[in-house]
Amino acid sequence: MIDFTYYTPTEVKFGRGVETHIPDLIKKYGGSKVLIHYGGGSAERSGLLSKVRRQLTNASIPFVELGGVKPNPRLSLIRQGIELCRTENVDFILAVGGGSVIDSAKAIGVGAGCGTDVWDFYVGKKMADYTLPVGVVLTIPAAGSEMSDGSVVTNEDTGQKRAYGDNLMRPKFAIMNPERTYTLPAYQTSCGATDIMMHTMERYFTHDDDMELTTALAEALLRTVKDATPKVLAAPEDYNLRAQIMWASSLAHNDLTGCGSTGDWATHNLEHELSGMFDVAHGAGLAAIWPHWAEYVLSENPKRFARFAVNVMDIDPATKTTEEAALEGIEAMKAFYHSIGMPTSIPELIGREATEDEIVRMASLASLDDTATIGSLKVLDKSKMIDIYHLANRK
Ligand code: NZQ
Ligand code: ZN
């Protein structure tokens, strides 16, 4: 077990009707002029935005708005948001949406707070020392950005999708009402479930696997999401199922299921290049990569994969070797992805095979032109990344 710091400063209000807390929380965390930031229309259509506007107006909190965040949030809109915050003297950002809106809000927060180009943070040139505070009204359980330290942004000029992580960016509060997720399309529900599970799997498949409590929490979370997802696809307005998944989204990525172990994150790194290049949904991209990554790295810790097979995927280990059980677990995960409408290869994800040039470009971007590696269970250099993309590229 490795030493760790567990830091989760976000105040969570969870349940029906918790939106009524928004004005008090904004004031509590120092907001007196707010930027309401949102996506492409779902929050408007559901009536959530009108409710938020009404509450701020009734509480005499002035606000400006910036909508239009696209999935895989774009740098150009973030720059617009930074400008707006400066000209309007905004001192608090309220993100109403999912991971893309929250990540965009976090980027605006650090960009408006520091006198440097915001992209410098994402390419590792600078660290932020100040941010405008950010609050969240979550509408899709998936990225876990409502409690995480991370923000992932796409620079549409260069095609790079890059993450920046900093405790400064953890939201001050998160409003989570599971009823707000009833309107999610089935595909987004499945993408979200895949991402939630992957945030815990990235922390689970490790060499530091001797922290039993962390492992048991991780397995409970994975089983819960795996069981709830098919049920919620059949019953989208089941409050209890939506609530399990929503809370799992935050716990999967606020580091709880990684305390004492080293995360791997290779699947995420490989996926970020896929969604940067092809503008696909992050969760679907993860499902297209993970089974191939898993087979490629299995020999590094077969016992861990076998434990996952038995405790999460319900594989009966009787009469099987460790490797056989491990492989069955990976196959069962693939079957699960298919059962919830997720792809398990690049051709299923983008409708064709990736070209060799595209694969080499993604591996070059992920390896910073062959100068950096990813992963910890098995360390992957550029050539190994290409191997995994090739495995994922089979029909
Ligand atoms: O834009 P609108 O109209 O709101 O529609 C969104 C969007 O099309 C829709 N949606 C959201 N809530 C809805 C809804 N539709 C109907 N009813 C609702 N209640 O869902 C679509 C996807 O939204 P998005 O915010 O993109 O999804 P998600 O939360 O999965 O975020 C994905 C982004 O987060 C990044 C990903 O890379 C990706 O860019 N990640 C961020 C992380 C972090 N900050 O810690 C970690 C993750 O690993 C991930 O990389
Ligand atoms: Zn993710």
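How far does a polar side-chain atom of histidine 199 lie from an oxygen atom of ligand 1? The separation is 2.7 Å, which falls within the limit for a polar contact (a pair of N or O atoms within 3.5 Å; within protein, one must be able to donate a hydrogen and the other to accept it, and residues adjacent in sequence count only if both atoms are side-chain atoms).

## Basis of the model

This is a predicted model, in which local features need pLDDT of at least 70 and side-chain atom pairs count only at pLDDT 80 or more, while totals for chains, interfaces and linings use all residues. Residues are numbered from 1 along each chain as its sequence is written, chains are lettered from A and ligands numbered from 1 in the order in which they are written, and side-chain values use heavy atoms, with hydrogens and water left out.

## Surroundings of ligand 1

A polar side-chain atom of serine 42 lies 2.7 Å from an oxygen atom of ligand 1, and a backbone N or O atom of arginine 180 lies 2.9 Å from a nitrogen atom of the ligand. Taken alone, ligand 1 exposes 970 Å², of which the protein buries 89%; these areas come from the Shrake-Rupley method with a 1.4 Å probe, and for residues only the protein chains shown count as cover.

Histidine 268 belongs to helix 10 (residues 266–278) and histidine 282 to helix 11, 14 residues apart, where helices (H or I, at least four residues) and strands (E, at least two) are DSSP runs numbered from the N terminus. Histidine 268 counts as buried at 7% relative accessibility, and histidine 282 likewise counts as buried at 16%; buried means under 20% relative accessible area, exposed over 50%, and partly exposed in between (1.4 Å probe, protein chains only).

Serine 299, by contrast, is exposed, with a relative accessible area of 60%, and is found in the loop between helix 11 and helix 12 (302–311).
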